[in-house]
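Please consult the sequence and structure below before reading on.

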Amino acid sequence: MRAVVQRVSEAAVTVAGETTGVIPKGLMVLLGVGKSDTEVDAVYLADKIVNLRIFEDAEEKMNLSVADVNGEILVVSQFTLYGDVRKGRRPGFDQAAPPDEAERLYEVFINRCRETGVKVETGRFRTHMMVSLTNDGPVTILLDSQKQF
């Protein structure tokens, strides 16, 4: 499972003109599910992200998590995180999970984040979404449950 995590001062996602998720200060998470991922990956990544210390403390050091700053998380599915462009110019998505399994693990990830007490908003799985955000810092972190990077 892969995630692009951005520290934001605000973020929103809309589908066909309808806002499906909006947060103030917190984390924007673009989440991709790979075909070898399991619930273990979803729980691991959720726990990692919720506890990721990328918010500044009083001494302006990154020491605080999203929970510490009473922030929120906006999760948007993004299978293109598994796009492989090592050969040619058109991405291949062979390593992305099939849609039904990806959606199931996407929901496991969301539920695990919510279990920690952090408020979570979402996009809508398998739809064309428009995402807007203000990246604070900018701070952007790449995570992979298989620790490939």
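Arg124 is partly exposed, at 34% relative accessibility; this class lies between buried (under 20% relative accessible area) and exposed (over 50%), with a 1.4 Å probe and protein chains only. The model is predicted, so local features need pLDDT of at least 70 and side-chain atom pairs pLDDT 80 or more, while totals for chains, interfaces and linings use all residues. Residues are numbered from 1 along each chain as its sequence is written, and side-chain values use heavy atoms, leaving out hydrogens and water.

Arg124 forms a salt bridge with Glu18 at 3.4 Å, N to O. The term denotes a side-chain nitrogen of Lys or Arg within 4 Å of a carboxyl oxygen of Asp or Glu. This pair links distant parts of the chain, 106 residues apart: Arg124 lies in the loop between β7 and β8, and Glu18 in strand β2. Helices (H or I, at least four residues) and strands (E, at least two) are DSSP runs, numbered from the N terminus. By the salt-bridge rule the count comes to nine; the table lists partners from some of them.

| Residue | Relative accessibility | Class |
|---|---|---|
| Glu18 | 41% | partly exposed |
| Arg104 | 36% | partly exposed |
| Glu39 | 42% | partly exposed |
| Glu121 | 19% | buried |
| Lys119 | 45% | partly exposed |

The side chains of Glu121 and Lys119 meet at 3.6 Å, N to O. Through shared partners, salt bridges join Glu39, Glu101 and Arg104 into one network. Within it, Arg104 and Glu39 are bridged at 2.6 Å, N to O. Arg104 belongs to helix α2 and Glu39 to helix α1 (residues 39-50), 65 residues apart.

Two aromatic pairs are counted, a pair being rings of Phe, Tyr and Trp (its six-membered ring) with centres within 6.5 Å; planes under 30 degrees apart are stacked, over 60 edge-to-face and the rest tilted. The ring centres of Tyr106 and Phe125 are 5.4 Å apart and their planes at 50 degrees, so this pair is tilted. Tyr106 is in helix α2 (residues 99-115), whereas Phe125 is in the loop between β7 (120-122) and β8 (130-144). Tyr106 is buried at 2% relative accessibility, as is Phe125 at 16%.

Thr122, in strand β7, is buried at 17%. Beyond neighbours within four places in sequence, Thr122 has contacts including Val13, Gly21 and Tyr106, where contact means heavy atoms within 4.5 Å. Val13 has Gly21 as its bridge partner in β2. Strands β1 (residues 2-15) and β2 (residues 18-23) run antiparallel and are joined by five bridges; strands pair if DSSP finds at least two bridges between them.
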